[in-house]
Structure formats: C-alpha cells, structure tokens
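Here is a short tour of one structure, for you to follow with the coordinates open. We will begin with an annotated site and then move on to a helix.

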Amino acid sequence: MNLFHFTTRRLVSQVYCGLKPASSKKQRTCFEMARPSSSMADFREVFAKAKHIAIITGAGVSAESGVPTFRGAGGYWRKWQAQELATPEAFARNPSRVWEFYHYRRELMMSKHPNPAHTAIAECEARLSKQGRSVVVITQNIDELHRKAGTRHLLEIHGSLFKTRCTSCGTVTANHKSPICPALDGKGAPDPDAEDSQIPVEDLPRCEECNGLLRPHVVWFGETLDSDILTEVEKELEICDLCLVVGTSSIVYPAAMFAPQVSARGVAVAEFNMQSTPATDRFRFHFSGPCGTTLPPALARHETEIIS
C-alpha cells in the first residue's frame with residue numbers, strides 16, 4: 001500500500017464522519033460546531049502561544065500577485081484548459097504543445113512578485129525562528145513565490161514550474177533559464193488563434209545528464225503526490241498547534257483534508273480567504289477578504305513576543 005492511499009484513507013476516516021447520513025446522536029455531533037469566529041483579537045491570543053504553526057496555501061495567494069489560476073470559467077490557454085494539458089497522456093501525445101504551455105507560465109511567473117501575504121508569512125517565519133518557534137508552509141502552488149519572498153521551510157506538494165525531471169533517467173534539476181531552450185524562445189502565446197509551433201521533440205528541453213526529454217517537475221492530473229513530501233506533511237500536521245489555511249478553495253484533494261484533519265484533533269484552524277469554503281464551518285476562525293490585507297496583521301509581532 002503506498003503512502004498516498006494510506007494517508008487519504010486515514011484522513012477520510014478521521015475527518016469526514018459527517019458525510020454519511022447521521023444514524024445516531026453521536027454521528028450528528030460531528031457537525032454540531034459553532035460558526036467560526038472572525039475576532040482578530042482572539043486569533044492573536046492563540047497565535048501568541050503557538051510553537052509550531054502550519055500554513056497551507058493555495059492559488060488565492062498567488063492570484064493576488066496576478067498569477068492566473070487556470071481553473072474555472074475563463075481559465076484557458078489558447079483553446080485548452082489546464083486539465084487538458086497537465087496530464088501524462090497530453091505530454092505523450094504532444095510534448096511540444098505542453099511545453100509551450102509551461103514555457104508561457106514560466107515566463108509569466110518571472111515577471112511576478114510576492115505580495116504582502118507572501119511577505120508576511122516569510123517575515124513571520126524568520127522572526128519566530130529566533131524565538132524557538134517554527135513555521136512551515138505547505139503549498140499547492142507551483143510558482144515559487146513563497147521562495148522569492150524568503151520562506152525557508154517550504155513543502156511544495158505539487159512540485160515547481162522551475163524544476164524539470166528527465167523522462168529517461170529521472171534526474172530532477174532546478175531550472176530558471178529564460179527561455180528554457182532556444183526552440184521555445186518567443187513561443188507559448190496564449191491567443192486562442194495562435195497555432196501550435198510543432199517543435200521537433202529533439203529540440204525540446206533535454207537532460208544535461210543523458211540527453212533525455214525533460215518534463216516539468218509538477219504533479220499532473222492522474223499522478224500521485226510524492227510520498228516523501230506527504231510523509232513530511234503528515235509529520236508537520238501531527239505536531240502543529242495552530243494551522244492557517246490561506247487562499248485555498250478546500251476542494252482540491254488531498255490538500256483539502258489537511259486542515260480538517262488538524263481541526264479534528266482540537267487544534268485551532270484559521271481560514272483566510274475571499275469567501276467561505278466547504279470546510280469553513282469546521283474551523284475556529286474565518287477571515288474574509290484579500291489575503292494580502294487580512295494576513296499581515298494576523299502574523300505581525302505580538303506584544304508578548306520577546307524582541308531579539
């Protein structure tokens with residue numbers, strides 16, 4: 001049994017007791033929870049005492065930096081949605097088209113910068129580390145904006161736009177070249193009328209170790225998450241005494257189960273998002289609005305912190 005399936009089943013058994021029709025008073029109490037609080041003062045009291053903080057971030061954080069989500073209505077590149085291109089099958093059929101799509105995203109991301117939410121997280125991590133407290137960021141994003149902001153303890157569960165993996169030898173390498181290869185220079189226009197460049201496979205990004213074809217080191221639809229990353233995530237969720245959910249819809253699995261798992265063991269969870277999500281009522285706090293506005297005051301230095 002691989003870790004991904006073990007973790008998924010374990011989390012489902014712990015968190016989603018209320019999805020089946022309640023057949024007893026005990027089952028009904030799973031959802032008999034108070035509405036989440038929006039009191040920043042109460043959150044700040046919990047924050048001041050926390051020693052191990054886990055912050056789960058999603059596309060909403062990057063969207064405030066102008067990063068397209070490629071999800072929902074209008075989330076198209078040319079005439080395709082990301083779900084049609086971000087698959088092993090799409091890459092096998094047309095690696096040139098898929099690489100054009102990812103080249104466009106890489107070049108776009110090079111022009112984007114961390115916003116106040118990214119900065120607040122990075123500054124909080126650096127400050128609390130001097131006090132013997134820890135912050136870990138568990139992100140679904142592949143844009144590396146957390147790294148740009150200075151976050152050090154980062155678990156990228158879906159990989160990174162700026163890493164490649166060889167389809168022949170499996171070597172994973174950081175890659176920030178612009179363009180990533182000469183044949184992609186100037187390619188990847190998102191215009192719906194743009195034609196595929198039909199780049200010969202031998203001219204697409206190649207491995208420096210074995211000259212094999214490279215692919216983006218991201219988790220595509222139909223692929224399982226890295227078991228080593230999931231192991232690290234599970235460890236962090238087991239020790240955290242405060243969890244923040246920032247800019248995520250709480251519908252993409254398995255990340256959608258992370259915070260409810262923490263809440264199920266009695267740990268405070270605070271959600272920062274533009275609107276409520278399917279998991280909101282399971283959390284102790286909910287702060288509505290742009291993450292770049294709500295998160296900085298939440299993570300600012302507390303008056304009880306020792307200034308070092």
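In the UniProt record, an unreviewed entry, the annotation "binding site" covers Tyr102 and Arg105. Please keep in mind that the model you are looking at is predicted. The points below take the annotated pair, and then helix H10.

**The annotated pair**

- Tyr102 belongs to helix H7, which covers residues 95–109, and Arg105 is found in helix H7 too.
- Tyr102 counts as buried because its relative accessibility is 2%, and buried means under 20%.
- Arg105 also falls under that cut-off, so with a relative accessibility of 15% this arginine counts as buried.
- Beyond its neighbours within four places in sequence, Tyr102 is in contact with Ala86, Leu161, Pro216, Val218 and Trp220.

**Helix H10**

- Helix H10 runs over residues 227–239, which makes 13 residues.
- At 1.5 Å a residue, H10 should span 18 Å, and this agrees with the 19 Å between its end C-alpha atoms.
- At the start of H10, the backbone nitrogen of Asp228 has a side-chain oxygen of Asp226 within 2.7 Å.
- As background, an α-helix has 3.6 residues a turn, so residues three or four places apart point the same way.

How values were computed
Residues numbered from 1 in each chain as written. Predicted model: local features only at pLDDT ≥ 70, side-chain atom pairs only at ≥ 80, totals over all residues. Heavy atoms only, no water. UniProt positions renumbered as here; feature names shortened; annotations may be inferred. Helix = DSSP H or I, 4+ residues; strand = E, 2+ residues; numbered from the N terminus. Buried < 20%, exposed > 50% of the residue type's maximum accessible area, 1.4 Å probe, protein only. Contact = heavy atoms within 4.5 Å. Expected span 1.5 Å × (residues − 1). Polar contact = N/O pair within 3.5 Å; in protein donor to acceptor, adjacent residues only side chain to side chain.
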